[in-house]
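Biologist: I'd like to learn how to read salt bridges in a model. Could you walk me through some?

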Amino acid sequence: MLAEERFSQILALLAEKRTATVQELCEALNASESTIRRDLLELDRQGLVNKVHGGATLPSGQFRADEPTMEAKETLAVGQKAAIAQAAAALIRADDFVYLDAGSTTLAVARAVNGAALDAHYVTNGIAHARLLAQKGCRVFVPGGLLRPQTEAIIGAAAMAALRQYNFTRAFLGTNGIDLNAGFTTPDPEEAAVKACAAKRAREVWFLADDSKFGSIYPAVITDLAGGSILTNRCPDPRYRQQTLVKETEA
């Protein structure tokens, strides 16, 4: 059995029981004790489990308030973001009217847009996104508002007023945290408000997030899990599928 398959089974077992001993995991996966201990060390390193004496538990939602710059974000989980972006771009049709949120994963979507997706119309609050799409010959609308330096996103009342004038076929949104109870969250309340506004105007909402975002909770709520589908490289906990649609690029 591959390591990733063992990881998924360990997380599924923990999702049911919240805690498991090394012996229980050995029996359930038909694996050696040394293999299970190595797996738990790796899952603990990734923040997906808490390794305790003799076994592991699922961590509770981790509250965070950190916010890397846009430049720093573009260096994180590069391969995962590229795969997610390719899957997102493949959903776009020529007759779509798309909202593309600011953020590093959505910027990867702008890079991935090609074929029929070039004929779609776009609204984005990301400056870099608008420039890249325009360079590809796409028709792009940019709302007015305040430019937030940390994320290079246009935010504020003027941006929200502009978004309320549109109906989107698809919205692709970024999120800093995804939690079973807290939903989709982000550090800044004004950015959360713009994301929520766009989501309300869209027929289909996709939150693009690599697997490091799961289990993290940030101060500002965008929406609960039912408010959008998740497009990720890997979903670490099967319970998310009970609350919303989840698509994985590594499945």
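This is a predicted model: local features need pLDDT of at least 70, side-chain atom pairs count only at pLDDT 80 or more; totals for chains, interfaces and linings use all residues.

Biologist: How many salt bridges does a search of the whole structure find?

Modeller: A salt bridge is a side-chain nitrogen of Lys or Arg within 4 Å of a carboxyl oxygen of Asp or Glu. The search turns up 14 of them. In one, aspartate 39 meets arginine 6 at 2.5 Å, N to O. That pair links distant parts of the chain, 33 residues apart: aspartate 39 sits in helix α3 (residues 33–45) and arginine 6 in helix α1 (residues 3–17). Helices here are DSSP runs (H or I, at least four residues), as are strands (E, at least two), numbered from the N terminus.

Biologist: Is aspartate 39 buried or exposed?

Modeller: Buried means under 20% relative accessible area, exposed over 50%, partly exposed in between (1.4 Å probe, protein chains only). Aspartate 39 counts as buried because its relative accessibility is 3%. Arginine 6, at 14%, is buried too.

Biologist: Which salt bridge partner does glutamate 42 have?

Modeller: Arginine 45, at 2.6 Å, N to O. Both lie in helix α3, three residues apart, about one turn of the helix. Glutamate 42 is partly exposed at 25%, while arginine 45 is exposed at 60%.

Note on methods:
Residues are numbered from 1 along each chain as its sequence is written. Side-chain values use heavy atoms; hydrogens and water are left out.
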